[in-house]
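Please open the structure in your viewer and keep the sequence panel beside it. The stops below say what to select next and what is to be found there.

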Amino acid sequence: FTWSKGLTDAPQYRNAGGITGDENSPPQNSFDLSADRSPAYYNAKFRWVTSSVYDLPFGKGHAMMSSGVPATILGGWQVSGILQLQTGFPFTINYKGDPINIGGGSGGILVRPNYVTVNGVNVNPNLPADQRSTSEWFNTAAFVQPIASFGDVGRNSMTGPNLINLDATIVRTFHPVEKVALQFRAEFFNLASHPNYNLIGRLVNDPTFGIVQNQLPPRQIQFGLKASF
């Protein structure tokens, strides 16, 4: 289990950057880098990894079904797995272009929005888990374009989707002759086929704003046979 926090005031210049392309490009205000101090693009607050290997207690040399046909069929099997649970990576809400005329150019991605306020309180851009969807992962109405000033939304102030993944393997080793071993493997990646969303649209003035752009692979199964001699 890892509980961590990575902070930085050094965005990736001239690069959309980040592990998933989420991070801001240049700082919004190059003369105030302290305003860009925030969680790093690689920061994952919580991460849990469990790895396990289990030899099934059947077959020759084991306590159960150690002889006869059951031992032949069930003996020599091994099950293993890796479980990963992780909170998401941070990302920045930006505008594409230069809506506040600071010299960012039409293709720049550096200006950030303001929060919408109600009675002097910022509207929370994070939606409850039961209200999130692939078409609106966060409250897109919580942001508004700044006018003649830098936006007050912080760099990497949003957190992307969590990761839940289980990989599993079933293995059996045969010994057809004394000096030869055959190993059969069935491997399952993302066994539960859990939807692990990856990139979220982060540009306010882009049609993909707040929309899930892609996800990590669904369940994949592969089989293999290995000979050792």
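What is the order of the strands in the open sheet of 6 strands, and is the pairing parallel or antiparallel? Select the strands in the order E1-E4-E5-E12-E13-E14, which is the order of this open sheet, and the pairing along it is antiparallel. Strand E1 (2-3) and strand E14 (220-228) stand at the edges with a single partner strand each, so one side of each is left without a neighbour in the sheet. Strands here are DSSP runs of E of at least two residues and helices are runs of H or I of at least four residues, both numbered from the N terminus, while two strands pair if DSSP finds at least two bridges between them.

Before going further, note that this is a predicted model, in which local features need pLDDT of at least 70 and side-chain atom pairs count only at pLDDT 80 or more, whereas totals for chains, interfaces and linings use all residues. Residues are numbered from 1 along each chain as its sequence is written, and side-chain values use heavy atoms, with hydrogens and water left out.

**Inside the sheet**

**The whole chain**

Zoom out to the protein chain, which holds 1 helix and 14 strands. Its radius of gyration, taken over C-alpha atoms, is 25 Å, well over the 17 Å that the globule rule (2.2 Å times the number of residues to the power 0.38) gives for 229 residues, so the chain is more spread out than a compact globule. Along the principal axes, the C-alpha atoms fill a box of roughly 85 × 35 × 30 Å. Of the 229 residues, 34% count as buried, where buried means under 20% relative accessible area, exposed over 50% and partly exposed in between, with a 1.4 Å probe and protein chains only. Among contacts (heavy atoms within 4.5 Å) between residues at least 6 apart in sequence, 66% join residues at least 24 apart.

**Two loop residues**

Select Ala 148, in the loop between strand E10 (143-144) and strand E11 (158-159), where phi is near 55°, a positive value in a residue other than glycine; Ala 148 is exposed, with a relative accessible area of 74%. Then go to Ser 193 in the loop between strand E13 (180-189) and E14, which has a positive phi of about 50° although it is not a glycine, and which is partly exposed at a relative accessible area of 29%.

**Two threonines**

Is Thr 8 buried or exposed? Thr 8, placed in strand E2 (residues 7-8), is buried, with a relative accessible area of 18%. If its neighbours within four places in sequence are left aside, Thr 8 is in contact with Asp 36, Arg 37, Ser 38, Ala 40 and Arg 155. For the last stop, select Thr 72 in helix H1 (residues 68-74), which is exposed, with a relative accessible area of 53%.
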